[in-house]
Amino acid sequence: MVLALLVLVLLERAHRLRALVPVAVAAGLALSTRGIVAVVGLVALPFRFRREPLAGLGFVAIAALVFLATWVPFLAWDRRDFLQFGPLSIQLSYAPRALVVAAMALALVLGGTARNARDVYRGIVLALAFPVAAVFLYSVATEGWKRVLLEDDFDISYFAFAHTFLIYTVARFGWSASPSHAPSVPSRASDPRIVSSSPAQDA
């Protein structure tokens with residue numbers, strides 16, 4: 001998650017299309033480490049590219065190509081075993097498909113309704129915490145406390161994903177819930193110099 005957070009910080013600072021390419025490459029590499037990184041992107045990207053949808057599509061396309069490229073050696077080596085026992089397959093096996101869809105939908109809603117950088121990062125915290133907590137409770141309900149906590153039916157390190165963004169969010173924006181500390185992104189009408197809905201536009 002530290003790598004995913006670094007990608008977001010770089011994305012905030014990339015104000016030109018050319019600067020987005022290396023960030024997209026890094027995003028693809030981050031996604032290849034953990035599938036749950038996609039949840040981070042589903043919150044951040046709708047906000048970042050709200051006024052630049054074509055740039056957003058290009059960013060996603062580059063990240064997806066890099067992500068798929070990391071699969072090629074493994075698919076060439078042993079396609080069947082990789083698809084069955086690869087990291088993404090194992091990660092997805094923890095959660096019911098309906099929960100995966102619900103988590104993605106929640107992330108998109110949080111990203112689509114974000115008004116500023118603080119909303120984005122808080123949304124990421126919620127979007128990461130919800131599926132992890134839900135899968136944990138589901139595992140406990142179906143497998144029992146012993147198998148979940150003492151054996152290998154659930155990876156409790158997943159709770160650290162939301163913690164990373166929570167610590168960063170509190171350090172950057174503080175505890176205050178007052179909107180005065182995080183103004184909304186200016187509109188084009190109010191400032192023609194604004195060319196993107198970047199999370200860098202925060203207090």
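Which residue forms a salt bridge with Arg48? I looked this up in the model, which is predicted. The partner is Glu52, and the closest N and O atoms of the two residues are 3.0 Å apart.

**Entry: the Arg48 and Glu52 pair**

Arg48 has a relative accessibility of 1% and counts as buried. Glu52 has a relative accessible area of 17%, and since buried means under 20%, Glu52 is buried too. I noted that Arg48 belongs to α3, which runs over 37-48.

**Entry: the overall build**

I stepped back to the whole chain. I found ten helices and zero strands. Reading from the N terminus on, I wrote down the order α-α-α-α-α-α-α-α-α-α. The protein chain has 203 residues, and buried residues make up 39% of them. I also looked at contacts with a separation of 6 or more: 75% of these are between residues 24 or more positions apart.

**Entry: the other salt bridges**

How many salt bridges does a search of the whole structure find? I got three. One of them is the pair Glu52 and Arg48 from my opening entry.

Another joins the side chains of Arg172 and Glu12, with 2.8 Å from N to O. Arg172 lies in helix α10 (residues 159-173) and Glu12 in helix α1, so this pair ties together parts that are 160 residues apart in sequence. I compared the two ends for cover. Arg172 counts as partly exposed at 26% relative accessibility, whereas Glu12 counts as buried at 5%.

I also recorded the salt bridge in which the side chains of Asp119 and Arg115 meet, at 3.8 Å from N to O.

**Entry: Asn116**

Where does Asn116 lie? I found Asn116 in the loop between α7 (97-113) and α8 (117-143). Is Asn116 buried or exposed? Its relative accessibility is 2%, so Asn116 counts as buried. The side chain of Asn116 reaches the backbone nitrogen of Asp119 at 2.9 Å.

**Entry: Leu106**

I picked Leu106, which lies in helix α7. Leu106 has a relative accessible area of 29% and is partly exposed. Which residues is Leu106 in contact with, leaving aside its neighbours within four places in sequence? I listed Leu126, Ala127 and Phe130. For Ala127 I also took the C-alpha to C-alpha distance from Leu106, which is 6.6 Å, while the two are 21 residues apart in sequence.

**Entry: the second largest pocket**

I turned to the second largest pocket, where the space comes to about 350 Å³. The elements that give two or more residues to its lining are α1 (2-13), α2 (17-33), α3 (37-48) and α4 (53-69). Which element gives the largest share of the lining? That is α3, with six residues.

In total, 18 residues line the second largest pocket. Those that lie nearest its centre are Ala27, Leu31, Gly41, Leu45 and Ala63. I sorted the lining by class and got 17 nonpolar residues, one polar and no charged ones.

**Entry: what I keep from this**

I keep two items for review. The pair Arg172 and Glu12 ties together parts that are 160 residues apart in sequence.

Methods:
Residues are numbered from 1 along each chain as its sequence is written. This is a predicted model: local features need pLDDT of at least 70, side-chain atom pairs count only at pLDDT 80 or more; totals for chains, interfaces and linings use all residues. Side-chain values use heavy atoms; hydrogens and water are left out. On a 1 Å grid over the protein atoms alone, a cavity is a set of points where a 1.4 Å probe fits but cannot get out, and a pocket is an open set with protein on both sides within 12 Å along at least five of seven lines; lining residues have an atom within 4 Å of a point. Grid points are joined across faces, edges and corners, and a volume is the space filled by probe spheres set on the points. Helices (H or I, at least four residues) and strands (E, at least two) are DSSP runs, numbered from the N terminus. Ala, Val, Leu, Ile, Met, Phe, Trp, Tyr, Cys and Pro count as nonpolar, Asp, Glu, Lys and Arg as charged, and the others, Gly among them, as polar. Buried means under 20% relative accessible area, exposed over 50%, partly exposed in between (1.4 Å probe, protein chains only). A polar contact is a pair of N or O atoms within 3.5 Å; within protein, one must be able to donate a hydrogen and the other to accept it, and residues adjacent in sequence count only if both atoms are side-chain atoms. A salt bridge is a side-chain nitrogen of Lys or Arg within 4 Å of a carboxyl oxygen of Asp or Glu. Contact means heavy atoms within 4.5 Å.
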